[in-house]
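Please keep the structure open while reading.

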Amino acid sequence: MIPINDFLVLSAILFSLGIYGVLARRNAVLILMSVELMLQAVAINFIAFAVYLSPDQFTGVIFAIFVITIAAAEVGLALAIILRLYRNRATANVDEADTLKW
Amino acid sequence: MTYEEVIFFVIAVPTVGGAIGVVTARNVIHSALFLILSLLAVAGVFILLAAEFLAIVQVLIYGGAVTILVLFAMMLTRVRDLPAALDGPQRPFAALAAGVFMGVSILSVVSTEWPGETEEINVISIEQIGNQLFTTWAVPFEIASLVLMVALLGAIILARGEEGE
């Protein structure tokens, strides 16, 4: 069978790529997509731990369902906020939305 | 290498490759298409973990709804017309931070002794998940549905804007 470490390493790589995307990108939609990658890594981790290490509790699978639910809500809200930002500032780049910076 | 590991790599390569495409593509639409590839491959990973229910949910919600929403947002904010660079000047620091994080987390995964069986998957049936979800986790489940509704309402109100706009 596949050892648990394979899944955990895959999830670590996915999460790191998400971190890179969040930090390097300027456009809010691209940052949101990188956040999605990080959430996917978290879900893989939750399920891997649930099916390998705690077969009678499997809280991880339940939590993965919650992660996916909350992520869907988050995407909807975040895209609405990005639309607002675009309408008010005519840009979707986060470094140009600097009204709070001083 | 067993055939299971071969299948794992067949699924892991598009997952990671798609993710690399998402964070490095020069064209935002390509980035979104890479995201679809990566998310569908993650559904394959869920199937390898014997979580078919989550794989189906993944394809429906991520492969369908989320990516369509993202593409719509790109269209509405006209990201394609923007001549500016997609990456900020902080890119080398981002690569450094991500690289350090990847190194540390992979090292800690490899060096940790997990309690219990780490070679064999315990199949968790949909029936078991449903029983747990509607008994032990009934209250969080209801709260999650409330969160979804509030987020939907909030999104509609935010995106609609003020009257007479």
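A:Gly18 is placed in helix H1 of chain A. This is a predicted model, and within chain A confidence is highest in helix H1 (residues 4–24), at a mean of 93. Is A:Gly18 buried or exposed? A:Gly18 has 26 other C-beta atoms within 10 Å, and the threshold for a buried residue is 20 or more, so A:Gly18 counts as buried.

With neighbours up to four places away in sequence set aside, the contacts of A:Gly18 are A:Ser34, A:Val35, A:Leu37, A:Met38 and A:Ala41. A:Pro3 is 15 residues from A:Gly18 along the chain, and 24 Å lie between their C-alpha atoms.

## Chain A as a whole

Chain A holds 3 helices and 0 strands, in the order α-α-α from the N terminus on. Its C-alpha trace spans about 50 × 25 × 25 Å along the principal axes. The radius of gyration of chain A is 17 Å, whereas a compact globule of 102 residues would have one near 13 Å.

Buried residues account for 61% of the 102 residues of chain A. Of the contacts in chain A between residues at least 6 apart in sequence, 47% link residues at least 24 apart. The mean pLDDT of chain A is 88, with 99% of its residues at 70 or more. Confidence in chain A is lowest in helix H3 (residues 59–89), where the mean is 89.

## Chain B as a whole

Chain B has 6 helices and 0 strands, and its pattern along the sequence is α-α-α-α-α-α. With a radius of gyration of 20 Å, well over the 15 Å that the globule rule gives for 165 residues, chain B is more spread out than a compact globule. Among the 165 residues of chain B, 23% are buried. For contacts in chain B with a separation of 6 or more, 51% are between residues 24 or more positions apart.

The chain is divided into domain 1 (1–81) and domain 2 (122–165). The centres of domain 1 and domain 2 of chain B, taken over C-alpha atoms, are 22 Å apart. The average pLDDT of chain B is 87, and 93% of the residues score at least 70.

## A loop residue in chain B

B:Ala50 sits in the loop between H2 and H3 of chain B. Its phi is near 60°, which is a positive value in a residue other than glycine. B:Ala50 has 16 other C-beta atoms within 10 Å. That count falls between the limits of 12 or fewer for exposed and 20 or more for buried, so B:Ala50 is partly exposed.

## The contact between the chains

The contact involves 64 residues from chain A and 79 residues from chain B. On the chain B side, helices H1 (3–24), H2 (28–48), H3 (52–76), H4 (91–111), H5 (126–134) and H6 (138–160) each supply at least two residues. H4(B) provides the largest share of that side, 12 residues. By type, the residues of the side of chain B that touches chain A are 57 nonpolar, 15 polar and 7 charged. For the complex, the predictor gives an ipTM of 0.90 and a pTM of 0.90.

## The nonpolar core

The largest nonpolar core has 78 residues, and A:Val29, A:Ile47 and A:Val61 have the most contacts inside it. At least two residues of this core come from each of H1, helix H2 (28–53) and H3 of chain A, and from each of H1, H2, H3 and H6 of chain B. H2(A) gives the most to the core, 18 residues. Domain 1 (1–81) and domain 2 (122–165) of chain B both contribute residues, so the core lies between them.

What does A:Val61 touch, apart from residues up to four places away in sequence? In chain A, A:Val61 touches A:Ile47 and A:Ala50, and in chain B it touches B:Ala51, B:Leu54, B:Ile124 and B:Ile129. In soluble globular proteins, nonpolar side chains tend to be buried together.

Definitions and conventions
Residues numbered from 1 in each chain as written. Chains lettered and ligands numbered in written order. Predicted model: local features only at pLDDT ≥ 70, side-chain atom pairs only at ≥ 80, totals over all residues. Helix = DSSP H or I, 4+ residues; strand = E, 2+ residues; numbered from the N terminus. Rg over C-alpha atoms; globule rule 2.2 N^0.38 Å. Contact = placed C-beta atoms within 7 Å. Domains from an automatic or database assignment. pLDDT = per-residue confidence, 0-100. Nonpolar A, V, L, I, M, F, W, Y, C, P; charged D, E, K, R; others polar. Core = buried A, V, L, I, M, F, W, Y, C linked by C-beta atoms within 7 Å.
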